[in-house]
Amino acid sequence: MDETDFENAVQAAIGSLPPDLAATMSNVAIVVEDEPPPGMPLLGLYEGIPLTSRTSGYSGVAPDKITIYRLPLERLYGHDPALLRSQIRRVVLHEIAHHFGISDDRLRELDRY
């Protein structure tokens, strides 16, 4: 999968959100990078202030950032294009869940980790 196809798969995952949920996302950028920081075995990363933690004083803040790491996903799942697309979607939705304030523990409870 080339970079454009990968980014299209990320956009398709975002587009798969129910419209009312997608409309609730606020002040968040979703980007694709090749690799996570050294020593961090990640497929994706959410950085920011979750919607559930924002107060009336939340303003003038840089956007939250969701980063999807292309090369680790391709190394793990690139042998099967359908599996790779599925895993891209899983990681994107996982990181979006963090934007909504859902923790890894709660995702495990919901069998969505």
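Reader: At what angle do α3 and α4 pack, and how far apart are their axes?
Author: In this predicted model, the angle between α3 and α4 is about 140°, and their axes lie 9 Å apart. That angle makes α3 oblique to α4, since the class of roughly antiparallel begins over 145 degrees.

Reader: Is the crossing of α3 and α4 left-handed or right-handed?
Author: The crossing of α3 and α4 is right-handed.

Reader: Which residues meet there?
Author: From α3, the residues are L73, E74 and Y77. They meet L83, L84, Q87, I88, R90 and V91 of α4.

Reader: How does that contact divide into nonpolar, polar and charged residues?
Author: The contact of α3 with α4 has six nonpolar residues, one polar and two charged.

Reader: Turning to α1 and α4, how close do the axes come, and at what angle do they cross?
Author: The axes of α1 and α4, the latter spanning residues 81-99, come within 9 Å and cross at roughly 55°. The two helices are therefore oblique to each other, and their crossing is right-handed.

Reader: Which residues make the contact?
Author: On the α1 side they are D5, F6, A9, V10, A13 and I14. On the α4 side they are R85, I88, R89, V92 and L93. By class, this contact of α1 with α4 holds eight nonpolar residues, three charged and no polar.

Reader: A change of topic: how many salt bridges does the whole structure have?
Author: The search finds eight salt bridges.

Reader: Which residue meets E3 in a salt bridge?
Author: The partner of E3 is R70, with an N to O distance of 3.8 Å between the side chains. E3 belongs to helix α1 (residues 3-15) and R70 to helix α3 (residues 70-77), so this pair ties together parts that are 67 residues apart in sequence.

Reader: Are those two residues buried or exposed?
Author: E3 is partly exposed, at a relative accessible area of 47%. R70 is buried, at 9%.

Reader: What other residue forms a salt bridge with R70?
Author: R70 also pairs with D34, and the closest N and O atoms of the two are 2.8 Å apart. D34 sits in the loop between β1 (28-33) and β2 (44-47), while R70 is in α3, so the bridge ties together parts that are 36 residues apart in sequence. D34 is partly exposed, with a relative accessible area of 37%.

Reader: And E35, which residue does its side chain meet?
Author: The side chain of E35 meets R75 in a salt bridge of 2.8 Å, N to O. E35 is in the loop between β1 and β2 and R75 is in helix α3, so parts that are 40 residues apart in sequence are tied together by this pair. E35 counts as partly exposed at 33% relative accessibility, whereas R75 is exposed at 56%.

Reader: Which residues do salt bridges with shared partners join into one network?
Author: That network consists of E3, D34, R70 and E74. E74 is also among the residues of α3 that meet α4.

Reader: One last item: where is T67, and is it buried or exposed?
Author: T67 lies in strand β3, residues 64-69. It counts as buried, at 1% relative accessibility, because buried means under 20%.

Reader: Which residues does T67 touch?
Author: Not counting residues up to four places away in sequence, T67 touches V31, E33, L43, G44, L45 and E47.

Terms used. Residues are numbered from 1 along each chain as its sequence is written. This is a predicted model: local features need pLDDT of at least 70, side-chain atom pairs count only at pLDDT 80 or more; totals for chains, interfaces and linings use all residues. Side-chain values use heavy atoms; hydrogens and water are left out. A salt bridge is a side-chain nitrogen of Lys or Arg within 4 Å of a carboxyl oxygen of Asp or Glu. Helices (H or I, at least four residues) and strands (E, at least two) are DSSP runs, numbered from the N terminus. Buried means under 20% relative accessible area, exposed over 50%, partly exposed in between (1.4 Å probe, protein chains only). Axes are lines fitted to C-alpha atoms, for helices over the stretch in contact, and angles run from 0 to 180 degrees between N-to-C directions. Angles under 35 degrees count as roughly parallel, over 145 as roughly antiparallel, 65 to 115 as roughly perpendicular and the rest as oblique. A crossing is left-handed if the near helix is turned anticlockwise from the far one by less than a right angle, and right-handed if clockwise. Contact means heavy atoms within 4.5 Å. Ala, Val, Leu, Ile, Met, Phe, Trp, Tyr, Cys and Pro count as nonpolar, Asp, Glu, Lys and Arg as charged, and the others, Gly among them, as polar.
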